[in-house]
Each structure stands twice: as structure tokens, then as C-alpha cells.
Amino acid sequence: MSAVAILPVGDEGDGPYAVAATEDGAVWFTLVHGGRVGRRDADGSLSYLALGAGSQPSGIAAATESTVWVTDTTGDRLMLLGPGPRILAEAATPTKGAQPFGVVAPGDGTAWFTELGGNALGRVGILGAVDEFPVAPADAMVSMIASTGDSLWFTMNAVDALGHVRGGDAAIAVTELPAGSGPVGIAVAQDGAVWAALIRSDSLARVAKDGSVRIVGLADGAKPHAVASDPTDDSGGVWVSVWGANALAHVSAEGHVRLHPLPDDVAEPHGLTVAPDGTVWTALESGALASLSPRER
């Protein structure tokens with residue numbers, strides 16, 4: 001078994017959900033049921049920011065070397081957070097009940113996000129204005145989002161498909177996936193291929209740059225949730241949080257799967273990120289963060 005380090009965070013029931021690493025060595029995480037965002041500094045110290053009663057911080061994404069974007073799903077807002085942690089900027093969705101969820105920062109000063117309730121994509125511009133772009137078909141359950149820099153990819157959980165937008169606000173192209181697959185997490189690998197976690201069919205989808213789709217099967221009951229590019233693998237491998245198997249997995253571009261089980265006393269790996277130093281971090285909804293260092297892989 002790989003040596004996985006466990007770091008308890010938050011209070012009982014807080015529900016660590018999403019995680020992001022910034023270049024300053026910090027690891028950020030959302031406490032989706034606790035209404036807080038946490039930050040682990042490079043020296044290991046923990047600090048928290050309460051977002052108010054009824055808030056539900058869900059998605060999180062690195063923005064700059066020391067800041068992150070966070071979605072507040074019940075509060076219909078996005079926040080740019082800096083060290084402290086503290087709120088540096090805030091943007092409300094034009095549509096009430098939009099339920100912002102997944103978020104990504106392409107590196108051009110904007111942030112793109114998904115709307116569970118609005119069935120749309122949203123964009124926070126460099127001056128803070130928020131635009132919304134409806135997604136068809138209706139009730140697609142637009143969930144997670146990733147960026148290649150010039151393109152956006154997102155999962156449509158309820159209709160078993162991926163959406164693709166080239167050039168930001170261009171027309172949306174749809175990639176159909178097998179029926180009953182339920183795509184959730186999504187990431188773009190180092191070779192430009194797009195990977196999605198198919199939680200209902202215990203598998204992954206890999207969309208090559210030419211548009212071809214390959215399905216990589218996992219064990220029955222695996223329930224993959226989040227996907228993160230492996231920056232150390234130029235051939236295009238990814239990391240996956242395998243919720244049903246209580247494990248992390250590394251999957252090569254060819255589809256070879258290597259499992260890294262988590263300790264029995266923790267459970268429910270959801271959000272996933274790979275830090276600049278190569279450490280893999282996952283948020284365990286049972287109440288902790290788990291990390292796997294490069295030397296342990």
C-alpha cells in the first residue's frame with residue numbers, strides 16, 4: 001500500500017469537497033457543509049474563512065500564484081480569495097437560483113463556472129462583470145469544467161455528454177458518451193486529451209485531440225469522481241479520485257490503472273488536485289485531506 005498522509009480539517013460534518021493548490025505552496029479546500037474555505041500554508045498551518053450562514057462553498061480553482069476562485073452554490077456568487085484567507089473580490093450571478101458549482105481560471109484574468117440551477121455557463125470578466133451562456137439541452141446538469149487555455153470543456157451529467165467551447169463564447173459542441181455514464185469530474189491532460197470521470201458506469205472517458213472517444217473501465221463499484229492532469233506525465237496520464245473504492249488511481253494515456261488505496265478509517269475522496277511539487281491532494285468528505293507525495297508513487 002502506498003504511504004498516504006492524512007490531515008484532518010474542519011469540524012465533524014463540514015464535508016471537505018473540492019481542493020486546489022497554488023504556486024505559493026498552499027493547498028485550499030472547501031467545506032461544503034460547513035460554510036467555510038480552508039487554506040493549508042506551505043509550513044503546514046491551517047486557517048479558515050467563514051462565508052456566512054447558509055453558504056455552500058463547492059468548487060475551487062487556482063487563479064494566480066496565491067489566489068483562488070470559489071463558488072458559493074447556495075449564495076449565487078463567486079469569490080476571489082487571497083492569503084488570510086480573505087475575500088479580494090466578489091461577483092454575483094445575474095440569475096437568481098443559478099447555483100454556481102464548478103469553476104476554472106484559464107489564466108487570462110477571467111473565471112468560468114457552471115450553473116447547476118441555471119443550466120448555463122458563466123464568466124466573470126477581468127473587470128468583475130458576469131455573463132451567462134445557456135446550455136442546450138435543457139436540464140443537462142452542467143457540472144464540472146476544465147480549460148485548455150483557448151477552449152473550455154464541461155460535463156453534462158444528466159444527458160451523458162461533454163460540452164466544448166472553443167474561443168470562450170463560441171457555439172457549444174457536444175461529445176456524446178455512453179448512455180447511463182453520468183460524467184462528473186473533467187480535466188485536460190498534458191497531451192491535450194480530455195478525461196472525464198463516469199461515475200455511474202465505473203469508467204473514464206478519454207477524448208483525444210482528433211475527437212475520438214475511448215472508454216477505460218474500472219472495477220465494479222469504483223465510482224470515479226474527480227480527475228486531475230498529471231503534470232509530471234508528458235504522455236498524458238491523469239489522477240482520479242475513486243470514491244467507491246476509497247482510493248486514488250493513476251491512469252496512463254494507454255489506459256493502464258494503478259490504484260493507491262486510502263486508509264480504512266477515512267472515506268469518500270472527492271475533489272482532487274496535483275500541486276506544483278507533484279504531490280497529489282484529495283478532499284475526503286469524511287473530514288480530512290489526503291496527500292500522496294511523488295516519492296511514494
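Modeller: Let's start with a term: buried means under 20% relative accessible area, exposed means over 50%, and partly exposed lies in between, using a 1.4 Å probe and protein chains only. This is a predicted model, where local features need pLDDT of at least 70, side-chain atom pairs count only at pLDDT 80 or more, and totals for chains, interfaces and linings use all residues. Residues are numbered from 1 along each chain as its sequence is written, and side-chain values use heavy atoms, with hydrogens and water left out.

Biologist: Thanks! Why is Val103 called buried?

Modeller: Val103 has a relative accessible area of 8%, and the cut-off is under 20%, so Val103 counts as buried.

Biologist: What is Val103 in contact with, leaving aside neighbours within four places in sequence?

Modeller: Contact means heavy atoms within 4.5 Å. Among the partners of Val103 are Ile60, Trp69, Thr71, Leu78 and Phe113. Val103 itself lies in strand E10 (residues 100–104); strands are DSSP runs of at least two residues (E), helices runs of at least four (H or I), numbered from the N terminus.

Biologist: What makes E6 and E7 a pair?

Modeller: Two strands pair if DSSP finds at least two bridges between them. Four bridges join E6 (residues 57–62) to E7, and they run antiparallel, so they meet that definition. Ile60 has Val70 in E7 as its bridge partner.

Biologist: And how many bridges join E7 to E8?

Modeller: Five, again antiparallel, with Thr71 opposite Leu78.

Biologist: Which residues of E7 are buried on each side?

Modeller: Val68, Val70 and Asp72 on one side, Trp69 and Thr71 on the other.
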